[in-house]
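Here is a protein chain to look at, with some questions on the terms used to describe it and on what stands behind each of them.

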Amino acid sequence: MNRSTLSLIAAAVALAAVTGFAAVTAPGGDSGKADAKAPARLPVERSSLLCPAPSLSDLAETTYTTYTPKGSGDAGAKAGTAGSAVLKPAVTPLTDGTPAKTADKDKKGKKGKTPEKPDPNKAVVTLKEPGKPASATADGSDAPALAGSADGPLAPGWAAQQTTVVSAGDTRAVLGTRCTEPDTDFWFPGASTAKTRQDYVHLTNPDDSAAVADIELFGKDGVIKSEVGEGITVPAKSSVPVLLSTLTSAAADDLTVHVTTRSGRVGAVVQASDAKAGADWLPASADPAASQVLPGIPGDATDVRLVVYAKGADDADLKVRLAGASGGFTPAGLDTVHVKSGMTASFDLKNVMRGEAGSLLLTPTSDGGKTPIVAALRVVRGTGDKQETAYIPATAPVGDRSTAADNRAKGSTLTLTAPAAAATVKVTASPGTEGGEPQTKTYTVKAGTTLAVEPPVPSGLKGSYALTVETQPGSGPVYASRTLALPQDGIPMFTVQTLPDDKGTVAVPTAKQDLSVLDD
């Protein structure tokens with residue numbers, strides 16, 4: 001092997017650490033044969049996150065919390081690389097597509113603050129070191145979408161949470177979402193164009209050139225044709241909200257939204273508002289797969305609705321199971337469901353949990369094939385005029401590690417589900433944004449069950465804090481979500497975020513030859 005080959009491998013390793021992918025084959029080697037050695041895992045060197053514009057309400061109060069756990073990136077810090085992690089406004093002026101702001105008033109009839117134009121060069125929140133969260137606040141409808149990146153020791157596992165409280169008006173709610181990585185393909189089962197709903201797809205472009213996106217809608221009878229959803233331009237470093245009801249005249253209670261990009265990449269998330277039951281963010285479902293896990297249904301849920309879309313040429317026949325504290329059970333009259341190919345199906349589970357928190361498991365029936373599906377749950381707490389809604393999409397497992405960045409002294413519930421085999425996780429509560437000492441606790445989840453716990457809280461907590469979940473060696477796969485409850489005036493306002501793997505490390509193939517001896 002000569003020096004040019006070594007340079008190729010070095011470049012590939014660097015590429016993998018930044019982008020999460022690399023493949024290396026020595027000249028003359030056979031890429032089709034598996035390497036005897038498992039790929040090494042290295043910490044990523046750069047991460048990107050996007051947060052949508054929080055709310056159109058003048059009464060909105062938004063908290064941003066960002067955090068990088070201690071761990072794989074610490075080596076860079078010890079070597080003297082400080083790194084940076086900054087979220088800034090994505091505020092290039094829009095020429096069209098911006099919805100009108102709401103005219104909410106508080107209980108005394110006073111309007112919110114006059115909007116201020118954000119400075120795109122001014123950091124909204126800056127993280128300075130791993131293991132210590134940082135937070136910032138923004139009020140009113142002028143809070144912009146954010147875009148940012150982290151590098152060096154702050155990149156591996158970098159997480160950010162956006163939590164918005166709207167205390168009054170038609171949009172009163174707690175809206176929470178994890179800030180997400182830019183991508184090119186997203187699925188959102190659970191959206192709607194019903195008369196009582198106002199759902200926006202928020203598209204945020206982090207890059208220096210425009211992105212072009214397409215939005216497809218799928219209802220109970222299949223694709224809903226709409227030329228308006230094609231070729232939507234998202235200007236550089238900007239965010240575009242698209243009202244779903246402007247894409248079709250059809251009023252559909254349950255839709256699946258598919259967002260793809262023709263060029264560039266975006267962050268995408270749906271803000272779903274219900275005139276009778278509050279609002280929350282609907283994040284993208286996990287990638288289409290034959291089986292899906294949806295963790296974290298609150299025990300006091302008064303209404304649960306499952307929405308499923310079948311992707312591909314074949315219909316999907318699915319077993320529906322609920323994993324509770326003591327084991328699994330089948331919802332009455334809903335042991336299996338049939339979802340036609342290319343169509344969205346919905347199923348009313350009502351108050352299925354009856355006081356016991358749990359998770360929903362979807363798997364193919366014995367003769368149901370392996371048609372890939374995406375799925376989400378619409379969960380309602382409360383009754384009458386004191387209802388509140390949150391969404392739980394299908395999610396990937398925790399994997400090595402995952403973080404929920406914004407937790408308070410009270411109100412957080414961590415839900416852990418082990419569908420197939422017993423699982424053990426270590427949960428670490430970080431210091432608070434304004435002070436406190438970290439706390440750690442280990443939990444074991446029995447196979448086929450769900451464990452819902454009040455997570456550890458930092459001693460002497462001041463401010464908010466982050467929760468990091470780490471799967472322990474020898475553990476089975478575990479799926480997790482965090483519920484944040486912020487009740488107000490008798491309304492059980494809450495939001496749920498799932499906890500997929502934070503992708504803080506990347507597999508890098510090992511060389512097949514000894515590189516310690518090289519020919520010139």
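Q: What makes the four strands in the order β33-β29-β36-β37 an open sheet, and in which sense do they pair?
A: This is a predicted model, in which local features need pLDDT of at least 70 and side-chain atom pairs count only at pLDDT 80 or more, while totals for chains, interfaces and linings use all residues. Residues are numbered from 1 along each chain as its sequence is written, and side-chain values use heavy atoms, with hydrogens and water left out. The four strands form an open sheet with antiparallel pairing; β33 (449–453) and β37 (494–498) stand at the edges with a single partner strand each, so one side of each has no neighbour in the sheet. Direction ignored, neighbouring strands of this sheet are turned by 20° against each other on average.

Q: How do you know that β29 and β36 pair?
A: Strands are DSSP runs (E, at least two residues), numbered from the N terminus, and two of them pair if DSSP finds at least two bridges between them. Strand β29 (residues 412–418) and strand β36 (residues 479–485) have six bridges in the antiparallel sense, and therefore they count as paired by that rule. Within this pair, L416 stands opposite A480 in β36.

Q: What makes the space lined by L50, C51 and P52, among others, a cavity?
A: On a 1 Å grid over the protein atoms alone, a cavity is a set of points where a 1.4 Å probe fits but cannot get out, and lining residues have an atom within 4 Å of a point. The structure holds one cavity of 30 Å³ or more, and the largest cavity has a volume of about 50 Å³. Its lining also includes R178, H202 and G267, and β17 gives the largest share, three residues.

Q: How do you know that some stretches call for caution, and where does pLDDT stay under 50?
A: The predictor's confidence in each residue, pLDDT, runs from 0 to 100; the chain averages 87, and 83% of the residues score at least 70. Over residues 93–115, however, the pLDDT is below 50, and over residues 515–520 pLDDT stays under 50. Where pLDDT is low, the predicted coordinates should not be read in detail.

Technical notes
Contact = heavy atoms within 4.5 Å. 1 Å grid on protein atoms, 1.4 Å probe; cavity = no way out; pocket = protein on both sides within 12 Å on 5 of 7 lines; lining within 4 Å. Points joined across faces, edges and corners; volume = space filled by probe spheres on them. Axes fitted to C-alpha atoms, helices over the stretch in contact; angles between N-to-C directions.
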